[in-house]
Amino acid sequence: MKHYLLFVVILSIQLLITVNAQDQSTRFEKQHHSKYIESHLKQTEAMLVKSFESKNVGIVSSSVQTLRELEQIFPKHEFSSLLDPLIALIKNEKGDTQVRILSAIALDGLHSDKGDRAIYDVAKKTNNQSVKDICSALSIESLKSDVVSK
């Protein structure tokens with residue numbers, strides 16, 4: 001009977017430790033107040049849209065990189081208001097190469113059909129070889145199916 005009672009006590013302690021560990025905040029949540037950040041994502045999106053329109057390449061590339069980081073932090077958030085501005089950035093033949101590449105990567109991270117089509121179109125039509133290579137790599141499955149259907 002003592003062994004049974006000891007087994008139940010040890011099992012209870014182990015279960016309590018597991019439950020307590022699941023209630024702990026992550027390091028990111030403690031450092032960055034992610035609940036606060038998440039509640040302001042719509043405002044952040046609006047500010048990013050405005051900064052995408054800037055004439056300063058540094059501001060635009062920094063904003064696209066910020067979006068990429070937000071995609072990783074909040075993978076369930078859609079960021080749908082940023083699709084069209086990102087598409088405009090990658091399709092702009094006169095735009096900065098780095099901005100276009102970062103935009104393609106960010107657009108790919110949004111996992112949308114509209115964004116994937118835009119990346120595929122740029123891969124087929126752009127004159128910039130660097131952008132073409134990145135977009136081709138990001139849309140390899142679409143390019144494969146295009147070759148098979150011809």
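**Figure 1. Contacts and fold of the whole chain.** Residues 24 or more positions apart account for 57% of the contacts in the chain with a separation of 6 or more, a contact being heavy atoms within 4.5 Å. This is a predicted model, in which local features need pLDDT of at least 70, side-chain atom pairs count only at pLDDT 80 or more, and totals for chains, interfaces and linings use all residues. Residues are numbered from 1 along each chain as its sequence is written, and side-chain values use heavy atoms, with hydrogens and water left out. The secondary structure comes to 10 helices and zero strands; helices (H or I, at least four residues) and strands (E, at least two) are DSSP runs, numbered from the N terminus. Of the 150 residues, 29% count as buried, that is, under 20% relative accessible area, with exposed meaning over 50% and partly exposed in between (1.4 Å probe, protein chains only). The chain exposes about 10,500 Å², and carbon and sulfur atoms supply 58% of this area (Shrake-Rupley method, 1.4 Å probe; for residues, only the protein chains shown count as cover).

**Figure 2. The largest nonpolar core.** Such a core is a set of buried Ala, Val, Leu, Ile, Met, Phe, Trp, Tyr and Cys residues joined through side-chain atoms within 4.5 Å. Among its 28 residues, Phe-52, Val-64, Leu-67, Leu-86 and Leu-107 touch the most other members. At least two residues of this core come from each of H4, H5, H6, H7, H8 and helix H9 (129–138). H7 gives the largest share, six residues. Beyond its neighbours within four places in sequence, Leu-67 contacts Leu-48, Phe-52, Phe-79, Leu-82, Leu-86 and Ala-106.

**Figure 3. Helix H6 and its packing partners.** In H6 (residues 83–91), the buried residues include Leu-83, Pro-85, Leu-86, Ile-87, Leu-89 and Ile-90. The buried residues of H6 pack against helices H4 (41–52), H5 (57–73), H7 (97–109) and H8 (113–125).

**Figure 4. Lys-42 in helix H4.** Lys-42 lies in H4 and is exposed, with a relative accessible area of 59%.

**Figure 5. A nonpolar surface patch.** Met-1, Tyr-4, Phe-7, Val-8 and Leu-11 make a nonpolar patch of about 590 Å². Patches are made of residues with over 30% relative accessible area and no salt bridge, like charges being joined within 9 Å and nonpolar side chains (Val, Leu, Ile, Met, Phe, Trp, Tyr) within 5 Å; a salt bridge is a side-chain nitrogen of Lys or Arg within 4 Å of a carboxyl oxygen of Asp or Glu. Phe-7 is in helix H1 (residues 2–23) and, at 52% relative accessibility, counts as exposed.
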